[in-house]
Protein chains: 2
Amino acid sequence: MSDPAFLTPFLEKAANLLGPRGLTTDAGLMEAWLTDWRGRYTGSAIAMAAPASTEEVAALMKLAAAYRVPIVPQGGNSGMAGGATPDATGTALLLSMRRMDRIRSLDPDAGQVVCEAGVILQHLHDAAETARMRFPLTLGGKGSATIGGLVSTNAGGTQVLRHGTMRAQVLGLEAVLATGEVLDTLTPLKKDNRGFDLKQLLIGSEGTLGIVTAATLRLLPAATGRVTAWAGLPSITAARSLLRHVERDMGEALEGFEVVPAHCLDSVLAHLPAARAPLGGRHEWNALVECVSASADSTALYERLEASLAGALDEALLEDAVIAANERQAEDFWLLRDSISAAERALGPAMQHDISVPVERMPEFILAASPLIEEAFPGTRAVAFGHLGDGNVHFHVLAPPGAVPGTWEEAEGKAVSARVYDLVTQWGGSISAEHGIGQMKVAELARLHDPVALALMTSIKQALDPHGLLNPGKLVIPDPAAACT
Amino acid sequence: MSDPAFLTPFLEKAANLLGPRGLTTDAGLMEAWLTDWRGRYTGSAIAMAAPASTEEVAALMKLAAAYRVPIVPQGGNSGMAGGATPDATGTALLLSMRRMDRIRSLDPDAGQVVCEAGVILQHLHDAAETARMRFPLTLGGKGSATIGGLVSTNAGGTQVLRHGTMRAQVLGLEAVLATGEVLDTLTPLKKDNRGFDLKQLLIGSEGTLGIVTAATLRLLPAATGRVTAWAGLPSITAARSLLRHVERDMGEALEGFEVVPAHCLDSVLAHLPAARAPLGGRHEWNALVECVSASADSTALYERLEASLAGALDEALLEDAVIAANERQAEDFWLLRDSISAAERALGPAMQHDISVPVERMPEFILAASPLIEEAFPGTRAVAFGHLGDGNVHFHVLAPPGAVPGTWEEAEGKAVSARVYDLVTQWGGSISAEHGIGQMKVAELARLHDPVALALMTSIKQALDPHGLLNPGKLVIPDPAAACT
């Protein structure tokens, strides 16, 4: 922990290092960045630094190490687990990476782009598009999420089925370590067997092992064809079979496969007065299927998907289906999917869980878990939807009618979440599919995660950050008994 | 280091634990496994253990930890860098994983197979084929290489361009740690953000952080179409452009792209009397192109590749090309490629280097490095060929005519290799593309690798294996000064 007597000389040296644009202690300027965007966590900081270069980050980290000042790195402050919010002690320095927002290079021929940590995802999409390429990862927060944050949390999104999470997009990495040294693996090598994969260790480590300052990311040729369909299904088990069926027919063109239960669609249609159901009749489950290609055009994709869905109809894997006739209709389909959270929120208090189970067990889990929760907590309603292709379930539990917003979440809501995490652990799944651990799930991780894996993480944290200066209180808590310095 | 006084009780306890089939001190039985298959390294061991289960490996590791006996894990003993051969002190236990050769489960629908460490790659290929699937990684040593060894060395092969190295095939892992604890991540989750990726840390760590006992691997649908072409090219720069051109036209069907210079082909044709050149005329460079699909048939692939190569001819990216008319002709093409090493060896002593550079710099590197080596070591001839799509260069330097085999390699040969590794490091490349570090390159890694990365690796090794019991002397040497226990 920082000794207050050190703070003044530390801040003076940091101010000299970073200049007037690079450091502030102004409470008004810092305020917006000390609360996470969902408003769940509020912290305090001795100052907010905004370095302009990797060299400045490295020098600042050296200074922080000398004065034992903890560092909380922050990108767009749009994380879902409080991972970029300092604690309330006010001893940490908030490190904004937003000034480092340069795209250092973009090479369409090599399919590579080198982004600094503060580049906003939408800006990367725009730059890729200008070069007739695309970056194959996107998510709701693209207008604020930064590359550094996306790398540090191993972000997911709706294209993971085909393209993988952020882990799969990162070809090279630059990071400042707890010592202030710079690990530079920005030059991508497709084959490199010189020992441990340090890059993969840093990805998803939520700033607890190093501060990501830049990344080399892969780019793909821009899509030339896209087709989107909505299917009505008799059951979640049929959805799983339909996924396999379409995968077989469409190969690597299959990019999205989202499932929506009937009552979710009902809530959305009630919530969006202008929206209408894509299909006539009510179907227990719905699937949103999207195929994208960089070599075939939309007409060719349409014909292939049409044939595939006709085959699925013959095999009774679906009851009805419609392929979007144009971009507008495709967007309408996606709007239904993307409005579920808002529609559920409008129904009253709810606990939302970002969990995953093995892909092939997902239908079984959804069928089993929902009644268990509803029985254990009478009056609640469990709603599961999400990325069937990834085993990623968005598992929402709605409070009983009449529950008091704000109160229910803190009392019964917490017990509901603990029970959901118990269940998903029993099923061999993960209590965090996409959003990470941050400060929100750090206690649950300690309670439920494999003790062998936890001990390994603690050892690595201890080895790489023995003084616990990198994003303290997040993800992994060092074991003071294990420290040897 | 083991204290000899401890050895007798250690061996007694190990014998009790593993039974008569599980432990031997018979020099005759051990001999074949104490020398690497290329005959470069010979070591000694107190005994050879061959446990039959993960539980036995874990119990043995606990025992070894208590007695401070180092462990050298070994699979098929077909590694290229001496990584599975103990040192000459005779203090280590050789741990053969070959008895753990069960395929625990194979699920074609989920595209997953769980293999124990001792499963031989060819057996996995056979099992996958029986289930109408395929495992998308293969290499020359498939008849002896085991899954545990392939995972521990992050093996590559000829399909990396499309499917990636072993790192990309591993969905889950089971490993015994230095404490004797079992890390079990066998259940694959497509999305899991519960902290550091321990699985990826263990892959490619060459047994220095843990002993891989089983892995969950991905399977793909069996190929329905395959087409192979041979093209004659004016230059290595044209080869690079041709690669981009075919990638654009064939998309993810492009699976192999190997380049062969004219003088390599000459050597092969001289070495294989029955072989003939695929094309009339002499071309400075040749490319072997293979496309594979699990949805299109061979006829459709043939037509697409034919059109693509015709377009490349129009753009002068190639001078001539032929597509194999049948499987037999495709095999003939591959035989030419696969015989280069044997043909070069027949020409006399040579130093072979498994190196990589950034994909887009590979033509430039080949053009620049060969004359530099030939000038620095008069009379030598530098031959570069390999996987252009991966930046992986097989860089062979042939001794001057009349050099004495066995003597030249130890004297000038070593200087040649040091110079090659200097060059590849200057070019931002890797001194080990595929084969790992083992004991062969451990000094060169220490000399040339980024000190920041090396220090990180040492810290991690120290944290996970503080007594240096896991495969000592390989890949990463712990720093005694950093030990705190």
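This is a predicted model: local features need pLDDT of at least 70, side-chain atom pairs count only at pLDDT 80 or more; totals for chains, interfaces and linings use all residues.
Another is the largest nonpolar core, which has 189 residues.

**Strand E6 of chain B and its partners**

- E6(B) pairs with strand E5 of chain B (residues 103-107) in the antiparallel sense, through four bridges.
- Within that pairing, B:Cys115 of E6(B) has B:Ile103 opposite.
- The two strands E5(B) and E6(B) make a hairpin with four residues between them, and B:Gly111 in the turn shows a positive phi of about 65°.
- E6(B) is also joined by five bridges to strand E10 of chain B (residues 211-218), again running antiparallel.
- There, B:Gln112 has B:Arg218 of E10(B) as its bridge partner.

**Nonpolar cores**

- In soluble globular proteins, nonpolar side chains tend to be buried together.
- In the largest core, of 189 residues, the members with the most contacts inside it are A:Leu242, A:Phe395, B:Leu242 and B:Phe395.
- Leaving aside residues up to four places away in sequence, A:Leu242 touches A:Ala231, A:Leu233, A:Phe257, A:Ala287, A:Leu309, A:Ala312, A:Leu317 and A:Leu318.
- Another core, of 29 residues, lies apart from the largest one, and B:Leu23, B:Ile46, B:Ala47 and B:Met100 are among its members.

**Aromatic contacts**

- Over all chains, the count of aromatic pairs comes to eight.
- The rings of A:Phe10 and A:Tyr67 have centres 5.8 Å apart and planes at 55°, so this pair is tilted.
- Because A:Phe10 lies in helix H1 of chain A (residues 4-18) and A:Tyr67 in helix H3 of chain A (residues 54-67), the pair ties together parts that are 57 residues apart in sequence.
- Both A:Phe10 and A:Tyr67 are buried.
- A:Phe365, A:Phe395 and A:Trp427 form one aromatic cluster, and A:Phe395 is also one of the residues with the most contacts inside the largest core.
- In chain A, A:Arg98 lies over the face of A:Trp33, at 3.3 Å from the ring centre.
- In chain B, B:Arg98 lies over the face of B:Trp33, at 3.3 Å from the ring centre.

**Annotated domain**

- An unreviewed UniProt entry lists residues 41-222 of chain A as "domain: FAD-binding PCMH-type".
- Over residues 41-222, chain A is 24% helix and 25% strand, with the end C-alpha atoms 39 Å apart.

Technical notes: Residues are numbered from 1 along each chain as its sequence is written. Chains are lettered from A and ligands numbered from 1 in the order in which they are written. Side-chain values use heavy atoms; hydrogens and water are left out. Two strands pair if DSSP finds at least two bridges between them. A nonpolar core is a set of buried Ala, Val, Leu, Ile, Met, Phe, Trp, Tyr and Cys residues joined through side-chain atoms within 4.5 Å. Buried means under 20% relative accessible area, exposed over 50%, partly exposed in between (1.4 Å probe, protein chains only). Contact means heavy atoms within 4.5 Å. UniProt positions are given in the numbering used here, feature names are shortened, and annotations may be inferred rather than shown by experiment. Rings of Phe, Tyr and Trp (its six-membered ring) pair if their centres lie within 6.5 Å; planes under 30 degrees apart count as stacked, over 60 as edge-to-face and the rest as tilted. A charge sits over a ring if NZ of Lys or CZ of Arg is within 6 Å of the ring centre and within 35 degrees of the ring normal.
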